[in-house]
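Student: Hi! Could you walk me through this one? I'd like to start with a sheet and then look at charged pairs.

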Amino acid sequence: MKIIFNRSAVSSAIAPLMYTVSGKSTLTSVDGILIEAKFPDTCVLTTFDLDKGIRITIEAKVLEEGSFIINAQKFNQTLRVMDGEEIMLEVDNKMVASIISGKSSHKMSALAGSDFPSIPDLVSDRSFIIGQSIVKKMFSQVSFAMGNNDQRNILNGTFVKIDDDSITMVACDSFKLAKCRRATELTNKNTNGKDYLEYAFIVPAKTVNDLSRLLSDDEEALTQIYVTRKHIVFVIGELTFFSRLVDGEYIDYNRIIVTNHPITVIEDKTRLLSALERAALITEEKVAGNVRAHVKLNVNEGILRISAISAIGSTYDELAVEHTGNDIVIAFNNRFLIDSIRSCDTERVMLSLTSALNSMNITPVENGYEEKGVEELFMLLPVRTKD
């Protein structure tokens, strides 16, 4: 194999490829980039850590076709320090890869392309097209609630449900739940005999985090998504991202959401977050290896009192709020509370409560919000306190 490519172009392509390089596997092949040089002037770069992978096609001057694997970290580091914009990559019959730019050259070992792990099918008859910014925003809103090494593996990811005209995402663990729904235009190019869309799958947590970095905020940018029985594929411009799905049926989240809370508190989102961030100076300070993470909310006659106390000090805030129902004193993990409120896409939020031992719902307050086809709900369980 012998190819010449632009250093800036290949360096830009390698940056996302590094997301799916294993680095911890005993298989040398998954620590590398599969480089496939094809006539005329096409170079396909692939990384795959056995759970998720990325494939990118870039332009290159192909002098000799071939397929080889080169260590991703070493290749990336070498490109960074080479001078010049034109780079030649050559692999000889002794499996030695030479990277040459001007009078500088660097050599490293290579593996045969046939040693690369088998890649799943990247095209399916089950697909749809959706705006990248919508998927990215919704992932960012619910991802904080995903399980972290939860024994119930289905909770270690985000549940995604696709209907004919909307997308719903749900994430939860033993303490918190986030649910977002957006009405949006979905295009289905491969209906497989159907004239409507209806898919449901669970995207793993690591995949959600990678997609949050790969998807664009541009409201005009689109992505085509292919769904198979075990994998999901995102086509993002010249980049193709693919990942295993979490196997299993997601929990009946609607059954555990309480909607008839008798107590409500409405407050400006920014003011409430500012008070909770001040409390975080106490709740997130480690003392003797422990973190006293809860914050107490005391709602009494239209005043919300926010307090926290630990061995290093205490904090107290008062906010005038819109309050209906009985007075209540309740405590929460402060970081979970902050993340839930911050994810609510509105200027004002409503806290809906029943008692100090029951879950609280956090929802947006905005005229015409439901008419826009937007639904957001964040549920948080309280913590028991002795004081």
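Tutor: Happy to. One definition before we start: two strands pair if DSSP finds at least two bridges between them. Also keep in mind that this is a predicted model.

Student: Got it. What is the strand order in the open sheet of four strands?

Tutor: The order is β23-β22-β21-β25, and the pairing is antiparallel.

Student: Which strands stand at the edges?

Tutor: Those are β23 (313-320) and β25 (328-333). Each has a single partner strand, so one side of each is left without a neighbour in the sheet. On average, neighbouring strands here are turned by 20° against each other, ignoring direction.

Student: And which helices pack on the sheet?

Tutor: Helix α6 (residues 269-283) does, touching β21, β22 and β23, and its direction makes about 170° with that of β23. Helix α7 (residues 334-343) packs on the sheet too, where it touches β21 and β25. The direction of α7 makes about 95° with that of β25.

Student: How many bridges join β21 to β22?

Tutor: Five, between β21 (residues 294-300) and β22 (residues 303-310), which run antiparallel. As an example, Asn298 has Arg305 in β22 as its bridge partner.

Student: Changing topic: how many salt bridges does the structure hold?

Tutor: There are 19. In one of them, the side chains of Lys52 and Asp210 meet at 3.0 Å, N to O. Lys52 lies in strand β4 (residues 52-59) and Asp210 in helix α4 (residues 205-214), so this pair ties together parts that are 158 residues apart in sequence.

Student: Are Lys52 and Asp210 buried or exposed?

Tutor: Both are buried. They also belong to a network of salt bridges that links Asp49, Lys52, Asp210 and Arg213.

Student: Nice. What does Lys179 form a salt bridge with?

Tutor: With Glu375, the closest N and O atoms being 3.3 Å apart. Lys179 sits in strand β13 (residues 176-183) and Glu375 in strand β28 (residues 374-380), so the pair links distant parts of the chain, 196 residues apart.

Student: Why does Lys179 count as buried?

Tutor: Because its relative accessibility is 11%, and buried means under 20%. Glu375, at 33%, counts as partly exposed.

Student: Last one: what about Arg152 and Asp150?

Tutor: Arg152 forms a salt bridge with Asp150, with 3.3 Å between the closest N and O atoms. Arg152 counts as partly exposed at 42% relative accessibility, whereas Asp150 counts as buried at 17%.

Notes:
Residues are numbered from 1 along each chain as its sequence is written. This is a predicted model: local features need pLDDT of at least 70, side-chain atom pairs count only at pLDDT 80 or more; totals for chains, interfaces and linings use all residues. Side-chain values use heavy atoms; hydrogens and water are left out. Helices (H or I, at least four residues) and strands (E, at least two) are DSSP runs, numbered from the N terminus. Axes are lines fitted to C-alpha atoms, for helices over the stretch in contact, and angles run from 0 to 180 degrees between N-to-C directions. Contact means heavy atoms within 4.5 Å. A salt bridge is a side-chain nitrogen of Lys or Arg within 4 Å of a carboxyl oxygen of Asp or Glu. Buried means under 20% relative accessible area, exposed over 50%, partly exposed in between (1.4 Å probe, protein chains only).
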